[in-house]
Amino acid sequence: MPRIALLSEEVASQVAAGEVVERPASVVKELVENSVDAGAGRIEVLIRRGGISSIRVTDDGSGMDRDDALLCLERHATSKIRTGHDLAAIHTLGFRGEALPSIASVSRFRLATREHGALAGTEVLIQAGKIESVRDCGEAPGTQIEVRSLFYNLPARRKFLRSEQTEMSHVAALVTHYALANPQRGFVLSVSTGNLLNVEPVSGVRERFYQVFGQETLEQMVDLGDIVTTFPMHMPVSGSASRLRGYTPEYGAKFPSDHPGEAEENGEVAYRLTGFISRPQVQKHTGDSIFIFLNGRLIRDKTLRHALSEAYRNVIPPGTFPMALLFLEMPFEEVDVNVHPAKTEVRFRRQNLVHDFLRDSIRQKLSEHRPVSTFPVTAPPNVVMPIPSLPRPIAPPPGAEAGAFPWRPQPQASETARLPFGPNPLPPLPGPIFPEPPFEAATPAPANTDLAELRPLGQFKESFIVATNSEGLFIIDQHVAHERVLFEQVLKRRQSRERLEGQQLLMPYILRLSPAQQVAFEQIKEELEMDGFELEPFGHFTIAVKASPAGVSPGEIEKLLQEVLDNQEREPVTGLEEIQRKIAASVACHAAIKVNMPLDQRKMQWLLEALSRTESPMTCPHGRPVVKYSMREILKAFHRI
């Protein structure tokens, strides 16, 4: 007796439903995508009991006649593609022809639809995949689909659903995604108690973002503008975009879709990136606030998420996530969306190029805006009043008493600490990689307006610099500030392929490595030597350190190398730029001044000016912030507004 048998149509449909329909949000996704493909101008979603009891999606799209209404319920029936060649350039959200029959096989299903201009519509009732009735109806133009009792005929699947609140949160997040991606359409999400989302069509993504998240969240975001890059069509599929000749994101450039056929005629391929990213002070505990759309399709892609995290590396703390709304556009031939039944996973033809384009574009935009972190101050809501501008703060006279300030500058006699400040630091280091602060020479004007003209008031606990300007009050961790300055100095010199100076040790330092660290060491050995280390093998899993980067004390050498090797072991990277950034961050951390170290007024002023000229003065390379109390926040804290 044969052991292999063909599955019945009912069982096959339920298996297909298991791939497409994971939870109520999966049903909503498929139905909303069909509404978008149908050209709907308004989409309404009604949910009962988190979608377990009832889901109803209504749109004013093109609608269907009686024949199409019946045919769309057959497996692999679709209006989106015709031949195998169409799969290479899919421009619609749906195309597989599996969603509706799969959903109908695990629910009580109702379809009502009418074409514009038709005298009557069509209603189809299905239960567990079997058609019960087909009749004319007086439905409004468009389509309405109602899904009741999801998984009622599959108790094993139904028991794996989460609570109604959890399922509802997934539905709300999904509808919000599509509302953000389609500002030209109106969206309504309703539950038994009222509307969770109700947005009218608007002209652009910025207006839609305001509708969904409000003005306060919008002010915390950075508009990416219109970033476009082009490259020759014959470019190899593999390779890094950062190494392409002439690769530079162009702001405001025209995307070829504005001029059909132009890119193909020039033998070029174009990528476009638009949307919003959060300022560094916005730090989420999960990645749920990251919305990525590819050619209008909601996707979950590890490559793009990794590119986003790399763009924020050294800007926000590890383990935190930014908020991002990203719209990536590219020729349909450059991406394969026929990877997963849910159509949320894609495969890029030039994966490395896409990764680097996204990473470098966001990193450049973050560098341009360079906002300073603010510390949240809670206060009861009140009437907002105009805030007068503050006069420029006056520095204390030379003979002012220390008691006149709550934080006092430290006396000159405390200059015994080993700091890279002043013309003659003690003890002197051979060939320091960090320039001495030019106290006598005039320094260039700070590039960051928030940090320009900062005047230090003094130190708090010999660890934090308290400073002020017309913008408000700043509290700056001196280690964070110096670490940021040194990080960018090291990184710029390495990116220009300059070898950093090292300091010879009196006696070689012997460091034993674990097998995993040995592998990591072999990967980054050359870069370590370019950063000022002199390293030689010294037996099995052992190295001898003969020199270290200038500025790093002998007591920090082991910690520095262990940190670099452990980071490479946990998160292996092969790109030269990313290796340089990781090593530069570790070198800067161990070479920077520490807390509990007194600084005089001149050294604090130099440090603030050096910080203001960095590309990202708001955080250290590990994401620790500079804290700013704006004048508005100070007034709110004192209930002045």
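Residues are numbered from 1 along each chain as its sequence is written. Local features need pLDDT of at least 70, side-chain atom pairs count only at pLDDT 80 or more, totals for chains, interfaces and linings use all residues, and side-chain values use heavy atoms, without hydrogens or water.

The protein has a mean pLDDT (the predictor's confidence in each residue, from 0 to 100) of 80. Of its residues, 78% reach 70 or more. The value is below 50 over residues 241-246, a stretch with 11 contacts (heavy atoms within 4.5 Å) beyond near neighbours in sequence. Residues 375-446 also stay under 50. Where pLDDT is low, the predicted coordinates should not be read in detail.

An open antiparallel sheet has 3 strands (DSSP runs of E, at least two residues) in the order E21-E23-E22. Its edge strands are E21 (502-512) and E22 (534-537). Strand E23 (residues 542-549) is joined to E22 by 4 bridges.

Helix H14 spans residues 557-570. Its buried residues (under 20% relative accessible area, 1.4 Å probe, protein chains only) are Ile 557, Leu 560, Leu 561, Val 564, Leu 565 and Gln 568. They lie on the same side of H14 because they cover an arc of only 120° around the axis. Their cover includes E21, H13, E22, E23 and helix H15 (576-591). The face turned away from the buried side of H14 carries Lys 559 and Arg 570, both exposed (over 50%).

Key. Two strands pair if DSSP finds at least two bridges between them. The expected span of a helix is 1.5 Å times one less than its number of residues. The arc is that of the directions from the helix axis to the C-beta atoms.
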